[in-house]
Amino acid sequence: MLIPHPLLGLRDAQEFTYLGDAALLDRPDPADADAFADYVYLRDNPAGVHRELWFHEQGDRSWLVVTRDTVTHEILGAELARDVKLKGGAA
Amino acid sequence: MTDLTPMTALGAQAPAQLRAGALTITENMGLALASLSLRDAPAPIPFGLTLPGPGAWVGGGGVAAFWSGPGQWMIESEGRAESGFAAALAAEAPGCAITEQTDGWTAFEIDGPPEAIRALLEKLVNIDAAGFAPGQATRTGLHHMGTFLIRRAEDRLAVIGMRSLAAALWHALTETAKRQGETA
């Protein structure tokens with residue numbers, strides 16, 4: 001599987017580690033206990049297009065938001081998590 | 001004062017060198033390394049070197065730089081491993097975070113014809129071996145070790161790996177080159 005790194009081009013998925021749903025970028029205020037419990041413990045498990053966080057651990061060590069179809073494993077795109085966050089979150 | 005005896009990353013007195021088939025692998029003891037991170041500073045031009053973009057390496061005037069991550073570079077200098085290179089770099093890059101790296105890494109220089117270097121890359125790393133042209137540098141996994149690869153020229157490749165794993169990296173490089181030499 002190849003991941004299209006926005007800076008470095010196609011890179012082997014073995015260089016990356018997987019974290020999970022990119023919604024983790026939108027961390028709620030811990031003062032709201034219910035929202036924070038949902039953030040920590042609840043995950044969607046979609047069959048289809050999923051936005052997820054990958055870390056280029058054996059590469060330039062940047063975090064990416066990769067859009068992937070969990071049914072076919074087709075990778076539809078990748079962007080730097082930093083850019084996604086600066087644009088206003090994972091949504 | 002105690003008279004200490006310097007030794008190489010492989011524990012020897014002199015840099016290791018091995019010829020296998022068309023390739024020559026040489027331990028580069030003299031290479032000074034320091035990392036440069038911008039933080040909030042504007043991009044400096046250390047030693048007159050314009051810092052390269054993602055995946056690239058540039059050299060000139062006895063120093064060279066390669067991109068190691070967003071806003072971050074490794075600066076290298078031949079023959080200055082024992083000279084306090086990080087301090088010299090810090091003076092050239094005001095406001096940047098400079099970290100001495102020389103003692104954390106070990107560098108192996110591989111010389112040989114382009115097709116033999118390409119065959120070695122194809123065997124060892126999951127990057128585009130055919131597209132890894134002179135002036136490119138990248139970090140990738142080699143035998144599960146994080147290593148920097150620099151294509152210094154058509155006939156020259158540098159592999160920079162963790163110093164504590166120097167023997168494992170030397171083994172991986174030399175065994176692959178030897179087997180490549182046997183089948184060529």
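1. Everything said here concerns a predicted model, and the values quoted are accordingly computed from its coordinates.

2. Chain B contains three helices and 11 strands.

3. As to overall dimensions, the C-alpha trace of chain B spans about 50 × 50 × 30 Å along its principal axes. The radius of gyration of chain B is 17 Å, which agrees with a compact globule, because a globule of 184 residues would have a value near 16 Å. Of these 184 residues, 37% count as buried. Among the contacts in chain B that link residues at least 6 apart in sequence, 59% join residues at least 24 apart.

4. In chain B, five strands form an open sheet in the order β4-β5-β6-β3-β7, and their pairing is antiparallel. The edges of this sheet are β4 (57-60) and β7 (97-100) of chain B, each of which pairs on one side only, and the twist from one strand to the next averages 20°.

5. Leu33(B) has Glu76(B), a residue of β6(B), standing opposite.

6. Which residues touch the most other members of the largest nonpolar core? They are Leu120(B) and Val159(B), in a core that numbers 51 residues. When residues up to four places away in sequence are left aside, Leu120(B) touches Leu23(B), Ile110(B), Thr176(B), Ala177(B) and Gln180(B). There is also a second, separate core of nine residues, among them Ala22(A), Trp54(A), Val65(A) and Ala81(A). More generally, nonpolar side chains tend to be buried together in soluble globular proteins.

7. Where the two chains meet, 10 residues of chain A are in contact with 11 residues of chain B. On the side of chain A that touches chain B, the residues divide into two nonpolar, four polar and four charged.

Notes. Residues numbered from 1 in each chain as written. Chains lettered and ligands numbered in written order. Predicted model: local features only at pLDDT ≥ 70, side-chain atom pairs only at ≥ 80, totals over all residues. Pairing = 2+ DSSP bridges. Helix = DSSP H or I, 4+ residues; strand = E, 2+ residues; numbered from the N terminus. Axes fitted to C-alpha atoms, helices over the stretch in contact; angles between N-to-C directions. Rg over C-alpha atoms; globule rule 2.2 N^0.38 Å. Buried ≥ 20, exposed ≤ 12 C-beta atoms within 10 Å, placed from the backbone. Contact = placed C-beta atoms within 7 Å. Core = buried A, V, L, I, M, F, W, Y, C linked by C-beta atoms within 7 Å. Nonpolar A, V, L, I, M, F, W, Y, C, P; charged D, E, K, R; others polar.
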